[in-house]
Amino acid sequence: MLLTGDSRGVTVRATSKLNLFLEITGKRADGYHELESVFHEIDLGDNLTFEPAPALSLEVRGDGAPAGEDNIVMKAARLVASEIKTSAGARIILEKRVPSGAGLGGGSADAAATLLALDRLWNLSLPLPSLHALAARLGSDVNFFLEGRTALCTGRGEIVAPLPPHPPLHFLLLAPPFPTLTADVYRLFTFDLKAPRRVPTLLLSRLPAGEPTALEGGLFNRLEPAALAAEPRLVRVLAAAQRIGPSGARVTGSGSTVYMPVSSRTAAEKLATDPELSSLGRLIPASSAR
Ligand code: C5P
């Protein structure tokens, strides 16, 4: 998340995420799943601008995201306004670049960007715990984007523990032309009581090396089979990425994006010219956000 500006106007680059590790550790009475997940902020992001205005309004440019009140940006803005009981407004422009329904947390990042930007535009100086409380009401992944970088997330995803800095990582993303719905994927998820619980120890020990080959063995996503069941066309996409990616491939979150770790940005750009991968979806080179 890169935020600049003041009470005269705020610009935010709402960067997205990959799940480098995701284990489901339980199912809660409220229907949500308990998880343990390593979230990693990447430099692919939407752009948002906020200007003072008499009322709240949102203009969405680009595809895939709902307009107006249905957009999580408006939900976040209305939540802040009602919490602090302000009649202040804002003219918000959202330029969508992150695919929707893609497991990249684009909407969640936009929501976190809105909390941080309105805090600045309206001179609120809300403490971080208050912003986290608002974030958790907007969605399970929103809290991560208040912190960014690399973090171990637990609870339903909203409890965020930042991890130590590590060298930048590089990936090629393959975003197929069909989304997957998070709720559908979780509905199709079934606990395999015989499967031993996975822990992110190997991944965390390998992050400091920053090497894609070292990373490969530590990447894990318990939701992957459910994502493939929710969208059978994803089977072919993941198989091709696993075969062609030099260090394998994984689905991020509930999909539908698949990511391949690579050694450098140049390697990502070179792999992005692969004709078979190109035929399966949009290829996006991405690196650690910071
Ligand atoms: O919290 P969020 O709105 O992003 O979640 C979307 C849906 O994904 C939830 O309604 C729920 O069905 C499912 N989910 C879950 N366990 C989580 C996160 C999401 O079951 N930890």
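**View 1. Helix 2 packed against helix 3 in the predicted model.** The axes of helix 2 (residues 106-121) and helix 3 (residues 128-138) come within 10 Å and cross at roughly 150°; axes are lines fitted to C-alpha atoms over the stretch in contact, with angles from 0 to 180 degrees between N-to-C directions. Helices are DSSP runs of H or I with at least four residues, numbered from the N terminus. A111, L115 and L116 of helix 2 meet L131, L134, A135 and L138 of helix 3, contact being heavy atoms within 4.5 Å. By class, this contact has seven nonpolar, no polar and no charged residues; Ala, Val, Leu, Ile, Met, Phe, Trp, Tyr, Cys and Pro count as nonpolar, Asp, Glu, Lys and Arg as charged, and the others, Gly among them, as polar.

View 2. G106 counts as buried because its relative accessibility is 7%, the cut-off being under 20% with a 1.4 Å probe and protein chains only. Leaving aside residues up to four places away in sequence, G106 touches D46, K96 and V98. G45 is 61 residues from G106 in sequence, and their C-alpha atoms are 7.5 Å apart.

**View 3. Domain 1 (2-162) against domain 2 (170-287).** The bounds come from an automatic or database domain assignment. Between them the domains bury about 2400 Å², 63% of it on carbon and sulfur atoms; buried area is the accessible area (1.4 Å probe) lost on putting two parts together, summed over both. L20, F21 and E23 supply 24% of the area that domain 1 buries against domain 2.

**Notes.** Residues are numbered from 1 along each chain as its sequence is written. In this predicted model local features need pLDDT of at least 70, side-chain atom pairs count only at pLDDT 80 or more, and totals for chains, interfaces and linings use all residues, while side-chain values use heavy atoms, without hydrogens and water.

Definitions and conventions. Helix = DSSP H or I, 4+ residues; strand = E, 2+ residues; numbered from the N terminus. Buried < 20%, exposed > 50% of the residue type's maximum accessible area, 1.4 Å probe, protein only.
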